[in-house]
Amino acid sequence: MFLITSSAYADGTQAHNHDRGHTHEHGHGHSHGAPLTETELKASQGVFSDSDVKDRPLTDWEGMWQSAYPIMLSGEMDPVFRKKAEKDKGKSFEEIKEYYKKGYATDVAELGIENGLMEFHVDGKVSACRYDYAGYKILTYPSGKKGVRYLFECKDADSKAPKFVQFSDHTIAPRKSAHFHIFMGNRSQEQLFSELDNWPTYFPYQLTSAQVVDDLLHHD
C-alpha cells in the first residue's frame, strides 16, 4: 500500500453527476479547494462545449483510494438513498439502492496511484502497472447529458492489472479529483465506453465511512 499523505487530495474537488445524468452539487462547509468556476459547475452537470475539454495527467487522481461498495453493502449509505427517493418520486428507496449496488459493484477494494503507477488491491492481493495516457473520449449519455472519460493503458504484458482504465469524475480539465468513477477491463477502450451501469466509485482512503456518507448527503 502506498504511504500517501492526505495532502494528495487536499486541493481539488468537483460537483458530481453519474453517467446516467444524476446530478449532485456542493452545498456544505468543509473545504475541497478552489471553488468551481461557472464552466466547471456546468460541466459537472453534464453541460459543456467540446472545445473546453482538456487533457489531464494521471496525477489528478494520485493518492490512496477506497471503494464505496463495502460502505454501501453495510447499509451505512441507506440515508443517502432515502434522501434520493424523497426527491425522485418516480423511484423507490429499494430501486435506488439496487441501482447503486449495481453501479458501485467491484472486487477492487482499494486503489493506489503514484508516479504513473496504479495498484489494484483485490482480496488481499495487489496487481500493479505503469499507465500511459491515451487521450479522452466525450460521451453523450441516454439522459442527454455529456461526460468525459480519461483513458489510460497498461503496456506491460506480464502485469495482472487491467490493460485499459477510464476515469470519470465530471471534470473536463486539469483539477485534483475528490472522488471518481473508474472503468476497468482487458478487451479494449471501446468496449468500456458502452458500460453505463457499473461505475466503481472511490473516495480518499483516509475518510471514514461516516465521512463518505456525509459527503454523499451534501453533494445532492
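In this predicted model, helix 3 and helix 6 are roughly parallel to each other, because angles under 35 degrees count as roughly parallel and the axes of these two helices cross at roughly 10°. The axes of helix 3 and helix 6 come within 9 Å. Pro79, Val80 and Lys83 of helix 3 make the contact with Val213, Leu216 and Leu217 of helix 6. By class, this contact of helix 3 with helix 6 comprises five nonpolar residues, one charged residue and no polar residues.

Helix 3 also has a buried side. Its buried residues are Asp78, Val80, Phe81, Lys84 and Ala85. Seen down the axis of helix 3, these buried residues fall within an arc of 155°, so they line one face of the helix. In general, an α-helix has 3.6 residues a turn, so residues three or four places apart point the same way. The face of helix 3 turned away from the buried side carries Glu86 and Lys87, which are exposed.

Eight strands form a closed barrel in the order 3-4-5-6-7-8-9-10, and their pairing is antiparallel. From one strand to the next, the twist averages 35°. Strand 6 and strand 7 pair in the antiparallel sense over eight bridges. Lys137 has Arg149, in strand 7, as its bridge partner.

| Element | Residues |
|---|---|
| Helix 3 | residues 78-87 |
| Helix 6 | residues 209-218 |
| Strand 6 | residues 125-140 |
| Strand 7 | residues 146-154 |

Technical notes. Residues are numbered from 1 along each chain as its sequence is written. This is a predicted model: local features need pLDDT of at least 70, side-chain atom pairs count only at pLDDT 80 or more; totals for chains, interfaces and linings use all residues. Side-chain values use heavy atoms; hydrogens and water are left out. Axes are lines fitted to C-alpha atoms, for helices over the stretch in contact, and angles run from 0 to 180 degrees between N-to-C directions. Helices (H or I, at least four residues) and strands (E, at least two) are DSSP runs, numbered from the N terminus. Angles under 35 degrees count as roughly parallel, over 145 as roughly antiparallel, 65 to 115 as roughly perpendicular and the rest as oblique. Contact means heavy atoms within 4.5 Å. Ala, Val, Leu, Ile, Met, Phe, Trp, Tyr, Cys and Pro count as nonpolar, Asp, Glu, Lys and Arg as charged, and the others, Gly among them, as polar. Buried means under 20% relative accessible area, exposed over 50%, partly exposed in between (1.4 Å probe, protein chains only). The arc is that of the directions from the helix axis to the C-beta atoms. Two strands pair if DSSP finds at least two bridges between them.
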